[in-house]
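Please look over the sequence and the model below.

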Amino acid sequence: MAFLVVFLGWWGQGQLSIVTVIATLRAAVDGESFSYLLYDPFSLVIWAIAIFGFVLWGRGLFCGWFCPFGALQEISHYVARGLKLPEVKVSDRLDQRLKYLKYVLLASLLSVVFIWPAYTDRFAEIEPFKTAITVYFMREWYYVAYAGFWLLLGAVVFKGFCRYVCPLGAVMALGGLLRRRDWVARRAECGSPCQLCRVKCNYGAINQTGKIAYSECFQCLDCVKIYDSEKTCVPLILEARAPTRGKKPT
Ligand code: SF4
Ligand code: SF4
């Protein structure tokens, strides 16, 4: 995570942004050239990786492994755990609703682009990437306070900005619709009766039936570790104790 923030973010300036999505959309609608993308080859490579990831894994490759601001929030969360600060768990019901907020914000942002283009830059500041990554928090105090707010919130609510607000995350989730395979293995017992992975998934990306919501999966691999371990996967533990009760993986 530190490598992501320092190398990819602060040093390489490879934080992808909704601003690029907006500019590309505008260029497509206005019939203009996309050559401006070549001015930032490092980010272009990361976009290519993210798009490649859509097909194989969904949004998780970028959001889980390549986003510097996502990593900053995760660092903030684990520092808070180390300091024994309280953690707020969003209820399932609220979580299910808040997840849609990022799509509403993305739709609002795209509406602003075409209806009030003069306000686009201001609205795009909803993502604090420019403040936290591009200009190293050296900006007017209110931008710094805004970025700091999300990092502090991330300390108590695990990656609250990513899960509920980020318009780029919404784009990544939509891009993830290109995914061609279900890469997270599941067993017949996942969901009924076993809820272990669902409870352990910090992103709320496993629903009660045991099915993976890939649009919310950040590819953290926690459930993959549980699935593969005879010490943690409940059906495997039961199978080891009473072999005849076990069922084969699906
Ligand atoms: S949701 Fe947004 S901030 Fe979070 S990892 Fe994805 S792009 Fe980065
Ligand atoms: S625990 Fe599994 S489903 Fe949840 S985010 Fe991690 S990899 Fe995805």
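The model here is a predicted one. H1 itself spans residues 2-11, and its buried residues are Leu 4, Val 5, Leu 8 and Gly 9. These four lie on the same side of H1, because they cover an arc of only 120° around the axis. An α-helix has 3.6 residues a turn, so residues three or four places apart point the same way. Phe 3 and Trp 11 are exposed on the other side of H1. What covers the buried residues of H1? The cover includes H3 (41-56), H4, H5 (68-82) and H9 (129-134).

Most residues other than glycine have a negative phi, and most peptide bonds are trans. Several sites here depart from that pattern. Lys 84 is not a glycine, yet has a positive phi of about 60°. Lys 84 sits in the loop between H5 and H6 (92-98). Is Lys 84 buried or exposed? Lys 84 is exposed, since its relative accessible area is 71% and the cut-off is over 50%.

Gln 219 is also not a glycine, and its phi is positive at about 60°. Gln 219 belongs to the loop between H13 and H14. Its relative accessible area is 8%, so Gln 219 is buried, the cut-off being under 20%.

The peptide bond from Ser 192 to Pro 193 is cis, with omega near 10°. Ser 192 is in the loop between H12 and H13, and Pro 193 is found in that loop too. Ser 192 is exposed, with a relative accessible area of 57%. Along the chain, Ser 192 and Gly 210 are 18 residues apart. Their C-alpha atoms are separated by 7.3 Å.

## The shell around ligand 1

Which residues surround ligand 1? They are Arg 59, Phe 62, Cys 63, Cys 67, Gly 70, Phe 129, Phe 161, Cys 162, Cys 166, Leu 168, Gly 169 and Phe 218. By class, the shell has 9 nonpolar, 2 polar and 1 charged residues. Three helices, H4 (60-65), H11 (160-165) and H12 (167-175), each supply at least two residues of this shell.

## Cavities

How many cavities of 30 Å³ or more are there? The count comes to 3. Two of them are described here.

The largest cavity has 17 lining residues, and the closest to its centre are Arg 186, Cys 190, Cys 194, Leu 196 and Cys 197. Helices H13 (196-200), H14 (222-228) and H15 (234-241) each give two or more residues to this lining. H13 gives the most, with 3 residues.

The second largest cavity is lined by 16 residues. Closest to its centre are Cys 201, Ile 206, Cys 217, Cys 220 and Cys 223. H13 and H14 are the elements that give two or more residues to this lining. The largest share, 3 residues, comes from H14.

Volumes and residue classes are set out below.

| Cavity | Volume | Lining by class |
|---|---|---|
| Largest cavity | about 120 Å³ | 10 nonpolar, 4 polar and 3 charged residues |
| Second largest cavity | about 110 Å³ | 13 nonpolar, 1 polar and 2 charged residues |

How values were computed
Residues numbered from 1 in each chain as written. Chains lettered and ligands numbered in written order. Predicted model: local features only at pLDDT ≥ 70, side-chain atom pairs only at ≥ 80, totals over all residues. Heavy atoms only, no water. Near = heavy atom within 4 Å. Nonpolar A, V, L, I, M, F, W, Y, C, P; charged D, E, K, R; others polar. 1 Å grid on protein atoms, 1.4 Å probe; cavity = no way out; pocket = protein on both sides within 12 Å on 5 of 7 lines; lining within 4 Å. Points joined across faces, edges and corners; volume = space filled by probe spheres on them. Buried < 20%, exposed > 50% of the residue type's maximum accessible area, 1.4 Å probe, protein only. Arc of directions from axis to C-beta. Contact = heavy atoms within 4.5 Å.
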